[in-house]
Amino acid sequence: MVRSETRDGITTITLTPHLSADWPQVKRFMALIAAVVFVVAAAWTAAGIWLALPFAGVEVGLICYLMYRVCFRLSYLYQRVVIEPERVRVEQGVRGPPRREWLLRRPDAHLHLTMPVKEVDLMRLRLCDDHGGVELGAFLNGEGREAARQALRRAGLIETADRWWETARP
């Protein structure tokens with residue numbers, strides 16, 4: 001998802017992954033899976049196959065751990081681009097204060113596009129200045145990357161591309 005906000009000449013663009021389920025929904029799903037697995041394991045234990053119960057615990061524990069590792073991080077992952085008159089600040093983090101931050105000088109800052117070579121590839125967005133840069137929206141799908149591109153263009157950033165003759169669109 002791409003959210004853009006302009007206040008007092010400062011534009012803030014926030015990029016977050018588009019998810020089919022957020023963290024509270026994933027927790028409810030894990031609880032449902034755990035309930036079903038433990039009911040089946042309890043039935044097998046009552047039938048005399050007591051070894052089903054510890055394996056059910058290991059199975060549920062592994063599923064919950066893997067869902068946590070994948071879904072929790074993606075639910076709260078963000079990149080925030082703050083475009084000020086003198087500089088461009090890119091913040092990246094997972095829930096709470098940013099873990100990484102890049103500062104780019106505003107006059108030199110530009111959006112560089114790497115156009116897809118194959119039809120299945122996605123366009124890559126990179127915010128650069130003379131001293132380096134940072135990739136934006138690697139977690140976004142094609143529509144999200146296009147929305148981020150348009151938001152950055154509306155904010156006044158110049159756009160360059162590796163194949164400039166193919167990107168000459170208004």
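Which residues line the largest cavity?

Modeller: Some ground rules come before the answer. This is a predicted model, so local features need pLDDT of at least 70 and side-chain atom pairs count only at pLDDT 80 or more, while totals for chains, interfaces and linings use all residues. Residues are numbered from 1 along each chain as its sequence is written, and side-chain values use heavy atoms, leaving out hydrogens and water.

Now the cavity. Rolling a probe the size of a water molecule over the atoms shows where empty space is left. The work is done on a 1 Å grid over the protein atoms alone, and a cavity is a set of points where a 1.4 Å probe fits but cannot get out. Grid points are joined across faces, edges and corners, and a volume is the space filled by probe spheres set on the points. Searching the whole structure turns up one cavity of 30 Å³ or more. The largest cavity holds about 30 Å³ of space.

Its lining is made of I13, L15, V81, L125, L136, A148 and L152. A lining residue has an atom within 4 Å of a point. Two elements give two or more residues to this lining: β2 (10–15) and α3 (142–154). Helices (H or I, at least four residues) and strands (E, at least two) are DSSP runs, numbered from the N terminus. Sorted by class, the cavity lining has seven nonpolar, no polar and no charged residues. Here Ala, Val, Leu, Ile, Met, Phe, Trp, Tyr, Cys and Pro count as nonpolar, Asp, Glu, Lys and Arg as charged, and the others, Gly among them, as polar.

Next, the largest pocket. A pocket is an open set of points with protein on both sides within 12 Å along at least five of seven lines. The largest pocket contains about 170 Å³ of space. Its lining has 13 residues, and T16, P17, L19, L74 and S75 lie nearest the centre. Two or more lining residues come from each of α2 and β3 (77–83). Helix α2 gives the most, with three residues. The pocket lining divides into seven nonpolar, three polar and three charged residues.

Helix α2 also meets another helix. The axes of α1 (residues 23–46) and α2 (residues 52–76) come within 10 Å and cross at roughly 175 degrees. Axes are lines fitted to C-alpha atoms, for helices over the stretch in contact, with angles running from 0 to 180 degrees between N-to-C directions. Angles under 35 degrees count as roughly parallel, over 145 as roughly antiparallel, 65 to 115 as roughly perpendicular and the rest as oblique. The helices α1 and α2 are therefore roughly antiparallel to each other. Their contact involves 22 nonpolar residues, three polar and one charged.

L66 is partly exposed, with a relative accessible area of 45%. Buried means under 20% relative accessible area, exposed over 50%, and partly exposed in between (1.4 Å probe, protein chains only). By that scale C71 is buried, at 17%. C128 is buried too, at 10%.

Last, the loops. D8 sits in the loop between β1 (2–7) and β2. D8 is exposed, at 75% relative accessibility. Its phi is positive, near 55 degrees, in a residue other than glycine. R95 lies in the loop between β4 (87–94) and β5 (100–105). R95 is not a glycine, yet has a positive phi of about 55 degrees.
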